[in-house]
Amino acid sequence: MHILKWELRAHLKSLLIWSAIFVVIIFMMTSEFSAYYNNPEMADILSAMPEAMLKAFSMDNANLTTTTGYLSLVSLYFYIMVGVFAVLLGSNIISKEERDKTAEYLMTMPISREKIITSKLLAGVINCIVLTLVIAVSVIAAMQPYNLDQAFFKFLWLLSLAFFLIMLIFLSIGALLASILKRYKSSGKISASLLMVLYFFNI
């Protein structure tokens with residue numbers, strides 16, 4: 001429990017910064033939605049665009065004049081951001097002991113290594129849960145001026161679940177690379193590079 005609390009405090013500043021960035025970006029993106037909302041002219045413009053371009057940006061099945069359609073488009077950028085957050089968190093949560101020269105001290109404590117790693121990963125999972133909640137609440141607050149129906153909240157729930165699962169995956173990847181790489185400074189760079197490679201493969 002002591003290690004868990006220590007890890008949560010150690011990563012609190014980073015979590016607050018990332019949360020603030022997401023809140024600002026969400027409100028900026030949703031402020032632009034007023035130009036799309038229930039605007040048939042905008043729908044006509046998008047339908048005239050090349051199909052290949054629409055597919056490349058995942059816009060081929062999205063109706064940007066609706067709340068769910070617009071959110072599905074901007075969520076593509078959120079996927080990248082939560083992935084970067086999680087992969088750097090996973091990498092840092094393991095490698096910072098070597099960076100700060102505290103690994104040997106930590107291993108001499110009367111706690112099993114399994115418990116130490118479990119506490120660290122649990123702290124990472126809690127950070128991911130908090131960031132997911134921040135994103136969901138911010139989206140609801142930013143979209144409040146528009147007609148939010150049951151379909152919107154169902155879509156937001158599924159989207160939030162997807163964000164959380166993506167973060168768990170890349171949290172694990174970041175922690176794994178930090179554990180197996182000899183140079184701790186390389187783990188964050190390699191993890192982030194892997195994320196971008198997977199994103200471009202997806203496109």
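This is a predicted model: local features need pLDDT of at least 70, side-chain atom pairs count only at pLDDT 80 or more; totals for chains, interfaces and linings use all residues.
A polar atom of the Lys-120 side chain lies 3.0 Å from the backbone oxygen of Ile-93.

- Ile-80 belongs to helix α5, which covers residues 67-99.
- With a relative accessible area of 18%, Ile-80 also counts as buried, because the limit is 20%.
- Leaving aside residues up to four places away in sequence, Ile-80 touches Leu-195, Met-196 and Tyr-199.
- Ile-80 and Leu-195 are 115 residues apart along the chain, yet their C-alpha atoms are separated by 7.8 Å.

**On the surface**
- Trp-157 is found in helix α8, made of residues 150-180.
- Here the relative accessible area is 56%, so Trp-157 is exposed, the threshold being over 50%.
- Together with Leu-158, Leu-161 and Leu-165, Trp-157 makes a nonpolar surface patch of about 410 Å².

- The chain has a mean pLDDT of 78, and 70% of its residues reach 70 or more.
- Confidence is highest in helix α2 (residues 12-32), where the mean is 90.
- At the other end, helix α6 (residues 103-107) has the lowest confidence, with a mean of 52.

Methods
Residues are numbered from 1 along each chain as its sequence is written. Side-chain values use heavy atoms; hydrogens and water are left out. pLDDT is the predictor's confidence in each residue, from 0 to 100. Helices (H or I, at least four residues) and strands (E, at least two) are DSSP runs, numbered from the N terminus. A polar contact is a pair of N or O atoms within 3.5 Å; within protein, one must be able to donate a hydrogen and the other to accept it, and residues adjacent in sequence count only if both atoms are side-chain atoms. Buried means under 20% relative accessible area, exposed over 50%, partly exposed in between (1.4 Å probe, protein chains only). Contact means heavy atoms within 4.5 Å. Patches are made of residues with over 30% relative accessible area and no salt bridge: like charges are joined within 9 Å, nonpolar side chains (Val, Leu, Ile, Met, Phe, Trp, Tyr) within 5 Å. Accessible areas come from the Shrake-Rupley method with a 1.4 Å probe; for residues, only the protein chains shown count as cover. A salt bridge is a side-chain nitrogen of Lys or Arg within 4 Å of a carboxyl oxygen of Asp or Glu.
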